[in-house]
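Here is a short report for a reader new to this structure. Look over the sequence and the model first, then read on.

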Amino acid sequence: MIAMQYSFTLPADYDMSVIDRRIRDKGPLLDGFPNLGFKAYLSARQGEFASRDNLYAPFYLWQKPEGASDFLCGPAFQTLAGAFGWPQVKTWIVWQAKISPDIAAARFATREILQMEPYAPLADIRHAESAEAEAEVRAGGALASIRSFEPTTWTRVRFRLWREIPESAEHMQAYRVGHLSLP
């Protein structure tokens with residue numbers, strides 16, 4: 001599995017209702033996309049959830065790399081890039097993707113990107129992150145918990161979907177979920 005996200009930082013005076021409308025109109029087009037685990041259409045307004053910027057930042061979980069490739073090479077991404085510019089697409093290798101059967105109820109998301117220490121014990125970190133993801137969905141209120149890492153910059157990501165917004169933490173970006181495309 002691959003986790004993927006790109007983000008557009010929009011001007012402070014940007015009319016975010018344009019993003020809301022885009023999500024409402026375009027969101028269902030990816031429902032059932034081949035090899036898609038889910039796509040969370042995410043946005044944050046400046047000042048909301050302690051966000052410094054207006055953001056449009058979709059997050060994807062791909063079951064197979066071909067899904068990500070097909071999307072990025074396809075007309076939907078070409079249209080997006082034409083409207084907002086060519087984004088830097090971050091990708092992570094998934095360690096654990098725990099998803100609740102109630103995932104469709106997600107209204108909020110959180111994402112943390114954490115730097116790993118040089119020569120950190122990756123197997124131990126993977127085990128701990130995977131166990132935390134399991135516990136968050138089983139008893140912690142998360143509707144999905146994705147734990148993954150990126151070995152070029154040696155970062156790990158913790159992405160979660162929620163019914164209610166949790167307390168903010170350092171290194172955490174919170175978002176509203178405007179639409180959730182599922183397989």
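## Burial and surface

Buried residues account for 48% of the 183 residues in the protein chain. Buried means under 20% relative accessible area, exposed means over 50%, and partly exposed lies in between, with a 1.4 Å probe and protein chains only. The protein chain exposes about 9,400 Å², and carbon and sulfur atoms supply 52% of that area. Accessible areas come from the Shrake-Rupley method with a 1.4 Å probe; for residues, only the protein chains shown count as cover.

This is a predicted model, in which local features need pLDDT of at least 70, side-chain atom pairs count only at pLDDT 80 or more, and totals for chains, interfaces and linings use all residues. Residues are numbered from 1 along each chain as its sequence is written, and side-chain values use heavy atoms, with hydrogens and water left out.

## Overall fold

The protein chain has 4 helices and 10 strands. Along the sequence they follow the pattern β-β-α-β-β-β-α-α-β-β-α-β-β-β. The radius of gyration is 16 Å, close to the 16 Å that the globule rule gives for 183 residues, so the protein chain is as compact as a globular protein of that length. Helices (H or I, at least four residues) and strands (E, at least two) are DSSP runs, numbered from the N terminus. The radius of gyration is taken over C-alpha atoms, and the globule rule is 2.2 Å times the number of residues to the power 0.38.

The C-alpha trace spans about 45 × 35 × 35 Å along its principal axes. Take the contacts between residues at least 6 apart in sequence: 78% of them join residues at least 24 apart. Contact means heavy atoms within 4.5 Å.

## Charges

The protein chain carries 20 positive and 21 negative charges, and their mean positions are 3 Å apart. Lys and Arg count as positive and Asp and Glu as negative; His and the chain ends are not counted. The place of a charge is taken as NZ of Lys, CZ of Arg, CG of Asp or CD of Glu.

## Aromatic pairs

A pair of aromatic rings is described by the distance of the centres and the angle of the planes. Rings of Phe, Tyr and Trp (its six-membered ring) pair if their centres lie within 6.5 Å; planes under 30 degrees apart count as stacked, over 60 as edge-to-face and the rest as tilted. The count comes to 18 aromatic pairs by this rule. The rings of F59 and F159 have centres 3.7 Å apart and planes at 0°, so this pair is stacked. F59 sits in strand 5 (residues 59-62) and F159 in strand 9 (residues 155-162), so the pair links distant parts of the chain, 100 residues apart. F59 and F159 are both buried.

W95 and F149 form a stacked aromatic pair, 4.8 Å centre to centre with 15° between the planes. W95 belongs to strand 6 (residues 90-99) and F149 to strand 8 (residues 142-150), so the pair ties together parts 54 residues apart in sequence. W95 counts as buried at 15% relative accessibility. F149 is buried too, at 13%. Elsewhere, ring pairs link Y6, F8, F33, Y56, Y60, W62, F71, F77 and F84 into a cluster.

Q5 lies in strand 1 (residues 2-5). Its relative accessible area is 2%, so Q5 is buried. Leaving out residues up to four places away in sequence, Q5 touches several residues, including L42, F59, W92, R111 and Y175. Q5 and F77 are 72 residues apart in sequence and 12 Å apart in space, C-alpha to C-alpha.

P87 is found in the loop between helix 3 (75-84) and strand 6. P87 is buried, with a relative accessible area of 8%. Residues up to four places away in sequence aside, P87 touches Y6, F8 and F77.

## Loop residues

Most residues other than glycine have a negative phi, and most peptide bonds are trans. Y119 has a positive phi near 65°. This residue is in the loop between strand 7 (108-115) and helix 4 (122-139). Y119 counts as exposed at 86% relative accessibility.

W154 also has a positive phi, near 50°. W154 is in the loop between strand 8 and strand 9, and is partly exposed at 38%. P151 lies in the loop between strand 8 and strand 9. P151 counts as partly exposed, at 35% relative accessibility. The C-alpha atoms of P151 and G82 are separated by 30 Å, and the two residues are 69 apart along the chain.
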